[in-house]
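Welcome, and thanks for taking a look at this one with us. Please have the sequence and the model open side by side as you read.

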Amino acid sequence: MAAVGSGGSTATAGPGAVSAGALEPGTSSAGETVWLSRQWRAGAHRRLKYISLAVLVVQNASLILSIRYARTLPGDRFFATTAVVMAEVLKGLTCLLLLFAQKGNVKHLVLFLHEAVLVQYMDTLKLAVPSLIYTLQNNLQYVAISNLPAATFQVTYQLKILTTALFSVLMLNRSLSRLQWASLLLLFTGVAIVQAQQAGGGGPRPLDQNPGVGLAAVVASCLSSGFAGVYFEKILKGSSGSVWLRNLQLGLFGTALGLVGLWWAEGTAVAHRGFFFGYTPAVWGVVLNQAFGGLLVAVVVKYADNILKGFATSLSIVLSTVASIRLFGFHVDPLFALGAGLVIGAVYLYSLPRGAAKAIASASAPTSGPCTHQQPPGQPPPPQLSSHHGDLSTEPFLPKSVLVK
């Protein structure tokens with residue numbers, strides 16, 4: 001009888017050999033159960049990857065489109081600073097409820113928060129700087145999307161990949177592969193082409209929109225995104241704390257800093273017209289998307305590798321462009337298509353694993369002869385040394401003001 005190995009291959013038992021199944025009755029059935037269990041887990045993991053891809057695409061595209069839609073509706077325009085504050089409040093309350101569900105009762109939750117937030121106050125204060133930057137970034141997004149078409153913003157906003165990479169090199173002493181440097185150059189070229197198309201006309205636009213202001217806002221948002229993400233990693237590397245605790249702390253600082261920004265920028269108008277002035281179901285949809293969409297991504301993002309995140313970003317650009325054509329009458333000309341195509345290609349190349357370029361080069365290069373090194377039979381292959389020095393591709397694809405690590 002043939003014995004089934006762990007790799008699924010069969011080997012015929014020699015003379016006098018006794019199969020494992022004969023020594024342990026029922027082993028074959030148990031092996032089949034283990035195999036079926038592994039197959040089920042592998043299938044479940046694949047399904048979760050596809051679900052995470054869908055969530056990332058929908059969240060990336062829907063937030064931009066919903067903000068653009070809410071900001072261009074006729075009638076009273078809501079105050080963007082109030083939407084930022086409401087999103088932080090809802091996010092903090094959601095994380096508080098999740099922590100309550102983990103702890104089981106109010107007493108344990110209060111003791112836990114007292115220890116984690118007040119006693120370890122230095123760890124809490126570390127989140128003040130990234131929270132300030134994320135609050136500024138969320139406000140800048142409203143300014144940018146109010147002055148740029150959704151598709152143009154979605155393409156230009158991929159500059160956050162460039163800024164994150166540069167801050168990683170400067171602050172964390174990380175190195176980029178040649179493929180990543182080339183993809184960053186390709187990315188910058190694509191964004192420049194899209195902005196040239198926008199400056200050259202890009203179709204009719206409302207009189208109250210200023211593309212120059214929108215470009216300045218999105219560039220500032222990308223710079224803040226890159227710095228905050230790298231600073232976040234630098235100060236919190238090795239620190240303890242659950243995802244929900246960190247997001248609760250971010251929400252606390254974000255709410256306080258958002259209120260300060262509201263008072264400074266639109267305090268008089270908000271006091272005169274009211275906090276919820278101009279709120280419609282579309283505006284509430286934007287607030288809920290900002291508050292819960294990012295937290296949902298925080299749950300599923302662990303099932304998505306960097307290639308999947310880059311693919312999701314590319315799909316969201318395509319989806320935003322198609323939706324902008326139908327919803328806002330956006331005109332796609334050859335110049336925009338060329339720039340967007342370069343950005344999509346750059347995002348994909350940058351998200352490839354570090355060894356992908358070498359593998360591609362090795363596969364395409366002609367061989368000079370047979371390999372001189374042969375692994376002796378019966379010995380396991382030598383361990384592969386990983387050249388991974390940190391995840392440079394993850395941070396740019398994730399929602400801001402939401403910690404997912």
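Here is a short tour of helices, salt bridges and a surface patch. Please keep in mind that this is a predicted model.

**Annotated segments**
- The unreviewed UniProt entry places the feature "transmembrane region" at several stretches, including residues 48-67, 79-101 and 335-352.
- Residues 48-67 are 100% helix and 0% strand, with end C-alpha atoms 28 Å apart.
- Over residues 335-352 the chain is 94% helix and 0% strand, and 26 Å separates the end C-alpha atoms.

**Helix α3 and what follows**
- Helix α3 covers residues 80-103, and at 1.5 Å a residue its 24 residues should span 34 Å; the end C-alpha atoms are 35 Å apart, which agrees.
- After α3 comes G104, with a positive phi near 95 degrees.

**Salt bridges**
- The whole structure holds two salt bridges.
- One of them joins the side chains of E88 and K91, at 3.2 Å from N to O.
- Both E88 and K91 sit in helix α3, three residues apart, or about one turn of the helix.
- E88 is buried, at 5% relative accessible area, and K91 is buried too, at 2%.
- D123 and R246 also meet through their side chains in a salt bridge, at 2.8 Å from N to O.
- D123 belongs to helix α5 (residues 121-125) and R246 to helix α11 (residues 243-273), so this pair ties together parts 123 residues apart in sequence.
- D123 and R246 are both buried.

**Surface patch**
- F100, V106 and V110 make a nonpolar surface patch of about 260 Å².
- V106 lies in helix α4 (residues 106-119) and is exposed, with a relative accessible area of 54%.

Note on methods
Residues are numbered from 1 along each chain as its sequence is written. This is a predicted model: local features need pLDDT of at least 70, side-chain atom pairs count only at pLDDT 80 or more; totals for chains, interfaces and linings use all residues. Side-chain values use heavy atoms; hydrogens and water are left out. Helices (H or I, at least four residues) and strands (E, at least two) are DSSP runs, numbered from the N terminus. The expected span of a helix is 1.5 Å times one less than its number of residues. UniProt positions are given in the numbering used here, feature names are shortened, and annotations may be inferred rather than shown by experiment. Patches are made of residues with over 30% relative accessible area and no salt bridge: like charges are joined within 9 Å, nonpolar side chains (Val, Leu, Ile, Met, Phe, Trp, Tyr) within 5 Å. Accessible areas come from the Shrake-Rupley method with a 1.4 Å probe; for residues, only the protein chains shown count as cover. A salt bridge is a side-chain nitrogen of Lys or Arg within 4 Å of a carboxyl oxygen of Asp or Glu. Buried means under 20% relative accessible area, exposed over 50%, partly exposed in between (1.4 Å probe, protein chains only).
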